[in-house]
Amino acid sequence: MVREPSQRDRRQAAGMAAPATSARANVNLALVKYWGKRDRALNLPATGSISLTLDGLSVEASVAFGGAEADRVEIDGVEAGGDEAVRVARFLDVVRTEAGRRERALVATRSTVPRGIGLASSAAAFAALALAASRAAGLALDPSALSALARRGSGSAARSVLGGFVEWRRGERADGRDSVAEPLAPPDFWDLRVVVAVTSSAPKAVSSRAGMEHAATSPFYPAWVAGAEADLAEARAAIRARDLEALGLVAEHSALEMHAVGLAARPPLVYWRAATVECMHRVWALRAEGTPAFATIDAGPQVKALCGTADASRVAEALGAVAGVERVLV
Ligand code: PMV
């Protein structure tokens, strides 16, 4: 499915002058979570996952090859160093290898995602970077190849190359060419809202990369992997039927099962704060009162509630009133 650059592409790319190329991608929210890898180096997931790409929260990346001694990375106007710069440089190495090029690159990214809200902008950043860097390097990648490339930067970035409801397939191949995102439904298929309750804007203590590695110490990890196919099937059917309750229930289950893996790990890995738990109870209370809203939580303490458009302001108000919630975002 993934198109390899042809020899001609490689020759053309190698000889080309390099204009700056820009691309934009949006963040996504996992409804059936990715939590664990079958190959660390290639970011191949132990299970498939399903997400919803969110409108309005995006990252724009621009890339120009040539004219620099070393890769330079600017994030929101500030020169990046340390781990961030290394991560981008490694990603550019993947692009250079695919394109048969050697020049260093100038990279700039701009994000419309507020910081510290737990909507990892890295997914959008690496999806945008995959598109901008591959084009700048002279590669014309189809969506599957683009997804496989974005995956190398951040697993969840594999899903941000597409809009709407997206499934990232686990794949079977050792080279990961079949571990790519596929569209399940376009953005206009079903208009939903996500309400984010921010319970802490402190930087996260344990990255998803580290958290996933640590999951192997949990006796619940094999059960998590074994249950994934059933969750994926349930979510696909719910999306097809536009059944919010069915989708919400499986999303809640997937999130809580992912966190249960951490609770039973050694030492335990608990991303929640008190307000995280309170928000979940508030979401369940809303449901009991007749407002369909469903909670999901990623590798951090924020709670994201999935609901219909008509209920978004009620859900935002309810979560905003929970003690310990710093702010809400719809
Ligand atoms: O793509 P990463 O390495 O940032 O991992 C993402 C992990 C979760 O957000 C918790 C789940 C997911 O599927 O996005």
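**Figure 1. Asn43 in a loop of the predicted model.** Asn43 sits in the loop that joins strand E2 to strand E3, the latter covering residues 44–45. The structure shown in this and the following views is a predicted model. The phi angle of Asn43 is near 55°, a positive value in a residue that is not glycine. Most residues other than glycine have a negative phi. Asn43 counts as buried because its relative accessible area is 1%, and the cut-off for buried is under 20%.

**Figure 2. Arg242, another residue with positive phi.** Arg242 belongs to the loop between helix H6 (221–240) and helix H7. Its phi is near 45°, again a positive value in a residue other than glycine. The relative accessible area of Arg242 is 46%, so this residue is partly exposed; that class lies between the limits of 20% and 50%.

Figure 3. The bond that runs from Arg266 to Pro267 is cis, and its omega is near -10°. Pro267 is placed in the loop between H7 and helix H8 (274–288). Most peptide bonds are trans.

Figure 4. Lys33 is part of the loop between strand E1 (21–32) and strand E2 (37–39), while Ser254 is in helix H7. Lys33 counts as buried because its relative accessibility is 2%. Ser254 counts as buried too, because its relative accessibility is 0%. A polar atom of the Ser254 side chain lies 2.9 Å from the backbone nitrogen of Lys33. The side chain of Lys33 has a contact of its own: one of its polar atoms is 2.8 Å from the backbone oxygen of Ala30.

Figure 5. A polar side-chain atom of Arg159 is 2.7 Å from a ligand oxygen, and a polar side-chain atom of Ser208 is 3.0 Å from a ligand oxygen.

**Figure 6. The largest cavity.** A search of the whole structure finds 1 cavity of 30 Å³ or more. The volume of the largest cavity is about 60 Å³. Its lining includes Trp35, His214, Met258, His259 and Tyr271. Helix H5 (208–214) and helix H7 (244–263) each supply at least two lining residues, and H7 has the largest share, with 4 residues. By class, the lining has 7 nonpolar and 4 polar residues, and no charged ones.

**Figure 7. The second largest pocket.** This pocket holds about 400 Å³ of space. It is lined by 18 residues, and Thr53, Leu54, Asp55, Leu192 and Arg193 are the ones nearest its centre. The elements giving two or more residues to the lining are strand E4 (49–65) and strand E10 (192–198). E4 gives the most, with 5 residues. By class, the lining of the second largest pocket is made up of 11 nonpolar, 4 polar and 3 charged residues.

Methods: Residues are numbered from 1 along each chain as its sequence is written. This is a predicted model: local features need pLDDT of at least 70, side-chain atom pairs count only at pLDDT 80 or more; totals for chains, interfaces and linings use all residues. Side-chain values use heavy atoms; hydrogens and water are left out. On a 1 Å grid over the protein atoms alone, a cavity is a set of points where a 1.4 Å probe fits but cannot get out, and a pocket is an open set with protein on both sides within 12 Å along at least five of seven lines; lining residues have an atom within 4 Å of a point. Grid points are joined across faces, edges and corners, and a volume is the space filled by probe spheres set on the points. Ala, Val, Leu, Ile, Met, Phe, Trp, Tyr, Cys and Pro count as nonpolar, Asp, Glu, Lys and Arg as charged, and the others, Gly among them, as polar. A polar contact is a pair of N or O atoms within 3.5 Å; within protein, one must be able to donate a hydrogen and the other to accept it, and residues adjacent in sequence count only if both atoms are side-chain atoms. Buried means under 20% relative accessible area, exposed over 50%, partly exposed in between (1.4 Å probe, protein chains only).
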